[in-house]
Amino acid sequence: MSFLELFMIAVGLSMDAFAVSVCKGLSVDRLRPKHAVITGCYFGGFQAAMPFLGYLLGIQFQAAITHIDHWIAFALLGGIGINMIRESRTEEKSCPSSFDMKTMFPLAIATSIDALAVGITFAFLNIHIAPAVVFIGITTFVLSVCGVKVGNVCGNRFGSRAELIGGMILIGIGLKILIEHLVAEGGIFHG
């Protein structure tokens with residue numbers, strides 16, 4: 001696998017994390033560097049760990065993971081998005097709690113489910129896994145940190161609707177993952 005191919009995979013895997021990072025930035029009234037670093041560490045760490053785990057699982061679990069990864073991502077992102085929309089209707093907002101482990105852990109899992117399947121593919125292709133996962137993790141970290149900043153700048157312009165927009169984006173990402181996989185598999189659209 002060439003460096004360009006690995007770069008394209010890393011960026012592709014990072015896009016969901018970037019979009020969710022933008023949502024996190026939207027929900028912050030006063031952005032602190034730790035918000036961006038926490039987001040980058042969770043998303044970059046999971047984007048590196050999941051392909052490594054997938055690589056270790058190997059081909060014996062490929063069929064099971066491929067058939068449910070989109071449902072898991074859809075359920076997690078959809079649930080979190082609905083919760084964000086519900087919270088957008090209340091006046092009370094707590095920025096520090098939105099970056100705690102209870103919030104960040106499911107987001108990190110949801111945005112890295114596809115990376116698990118990529119790791120299984122890496123096992124088939126005999127990729128040198130250590131440099132690949134480090135590169136994917138660093139790419140995701142950088143894009144996530146940038147996403148938090150972009151989201152915060154947009155959030156300051158759009159005011160109180162930021163959390164509503166963020167929730168809608170998360171639900172949209174979940175639907176996108178689900179539809180892409182169902183269409184690719186022939187899923188519900190197969191005649």
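Buried here means under 20% relative accessible area, exposed means over 50%, and partly exposed is anything in between, with a 1.4 Å probe and protein chains only. Keep that in mind for the rings below.

This is a predicted model, in which local features need pLDDT of at least 70, side-chain atom pairs count only at pLDDT 80 or more, and totals for chains, interfaces and linings use all residues. Residues are numbered from 1 along each chain as its sequence is written, and side-chain values use heavy atoms, with hydrogens and water left out.

**The overall picture.** The chain has six helices and zero strands, counting DSSP runs numbered from the N terminus (H or I of at least four residues for helices, E of at least two for strands). Of its 191 residues, 44% count as buried.

**Helix α2.** This helix covers residues 33-57, so to speak a run of 25 residues, and spans 36 Å from its first C-alpha to its last. That is close to the expected 36 Å at 1.5 Å a residue, where the expected span is 1.5 Å times one less than the number of residues. Its buried residues include H35, F43, F46, M50 and P51.

**Aromatic rings.** Rings of Phe, Tyr and Trp (its six-membered ring) pair if their centres lie within 6.5 Å; planes under 30 degrees apart are stacked, over 60 edge-to-face, and the rest tilted. By this rule there are three aromatic pairs. In one of them, F46 and F105 have ring centres 5.4 Å apart and planes at 80 degrees, so the pair is edge-to-face. The two partners sit 59 residues apart, F46 in α2 and F105 in helix α4 (residues 101-125), and the pair links distant parts of the chain.

| Residue | Relative accessibility | Class |
|---|---|---|
| F46 | 19% | buried |
| F105 | 38% | partly exposed |
| F7 | 36% | partly exposed |

**Around F7.** F7 lies in helix α1 (residues 3-26). Together with F3 and F135, F7 forms one aromatic cluster.
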